Amino acid sequence: AVINKRDSQNKAIIIAVTKEVLTYIDATPTNDVKIELIKALKEVVDGKIYVEGESASLHFMLSKIYESQGDIDAACDIIQDVHVETYGSLTKQEKAEYILEQMRVTLVKKDYIRAMIHSRKMNPKTLEEDGFADIKIRYYTMMVAYHTVDRNSWEVCQAYYKVGTELSMRCALSQ
């Protein structure tokens, strides 16, 4: 946090320190220490565009930790306010994975309104691109879960159709 407070610090130094500290997170002895390290690093990267990818991964890690501890509400709160769709430093794949995680956590929490909000962040054209088959299947599987609760049989059928066509294309290509 000290580096963050000095006005004359170079962006490159903050980026380098952030990336270096990210390598230490997995080596922490306990989850409590890991949480404190992630929170301290989040303070450093908060609001800085040049480390937005690292910030998103910190939110992702913290959400996973809270979920593994059974605190779905905290996991959902941590991950839901990150707007990765606007981050220029992330690839489409990384953005899609993050949005899927936002959807998954909100569905686990049974917060169906937020799940739908997150699902609308996913661009349907992106799902049709090469390399997005697994993401497409996971997305539409979650949409089946959402629309089942919503009791919208037409949308459930549409989502199953998308999953089925993707799986049949996989089978055709593997033969």
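The legends below describe close-up views of a predicted model.

Local features are reported at pLDDT of at least 70 and side-chain atom pairs at pLDDT 80 or more, whereas totals for chains, interfaces and linings use all residues. Residues are numbered from 1 along each chain as its sequence is written, and side-chain values use heavy atoms, with hydrogens and water left out.

**View 1. The largest nonpolar core has 45 residues.** A nonpolar core is here a set of buried Ala, Val, Leu, Ile, Met, Phe, Trp, Tyr and Cys residues joined through side-chain atoms within 4.5 Å, where buried means under 20% relative accessible area with a 1.4 Å probe and protein chains only. Val84, Met122 and Tyr139 have the most contacts inside this core. Among the elements that give two or more residues to the core are helix 2 (11-24), helix 6 (92-109) and helix 10 (153-174), while helix 9 gives the most, with eight residues; helices are DSSP runs (H or I, at least four residues) numbered from the N terminus. Leaving aside residues up to four places away in sequence, Tyr139 touches Leu100, Met103, Ser119, Met122 and Leu127, a contact being heavy atoms within 4.5 Å.

**View 2. The buried residues of helix 7 are Ala115, Met116, His118 and Ser119.** These residues lie on the same side of helix 7, because they cover an arc of only 160° around the axis, the arc being that of the directions from the helix axis to the C-beta atoms. They pack against helix 5, helix 6 and helix 9.

**View 3. Helix 3 and helix 4 have axes that come within 10 Å and cross at roughly 155°.** Helix 3 is therefore roughly antiparallel to helix 4, a label given to angles over 145 degrees, with axes fitted to C-alpha atoms over the stretch in contact and angles running from 0 to 180 degrees between N-to-C directions. Residues of helix 3 including Ile35, Ile38 and Leu41 meet residues of helix 4 including Leu58, Met61 and Leu62.

**View 4. Helix 4 and helix 6 pack at an angle of about 30°, with their axes 12 Å apart.** That angle makes helix 4 roughly parallel to helix 6, the term used for angles under 35 degrees. Ala56, His59, Phe60, Ser63, Lys64 and Glu67 of helix 4 make the contact with Tyr98, Glu101, Arg104 and Val105 of helix 6.

**View 5. Lys136 has its place in helix 9.** Lys136 counts as buried because its relative accessibility is 4%. Lys136 touches Leu127, Glu128, Lys162 and Glu166, not counting residues up to four places away in sequence.

Key
Buried means under 20% relative accessible area, exposed over 50%, partly exposed in between (1.4 Å probe, protein chains only). Angles under 35 degrees count as roughly parallel, over 145 as roughly antiparallel, 65 to 115 as roughly perpendicular and the rest as oblique.
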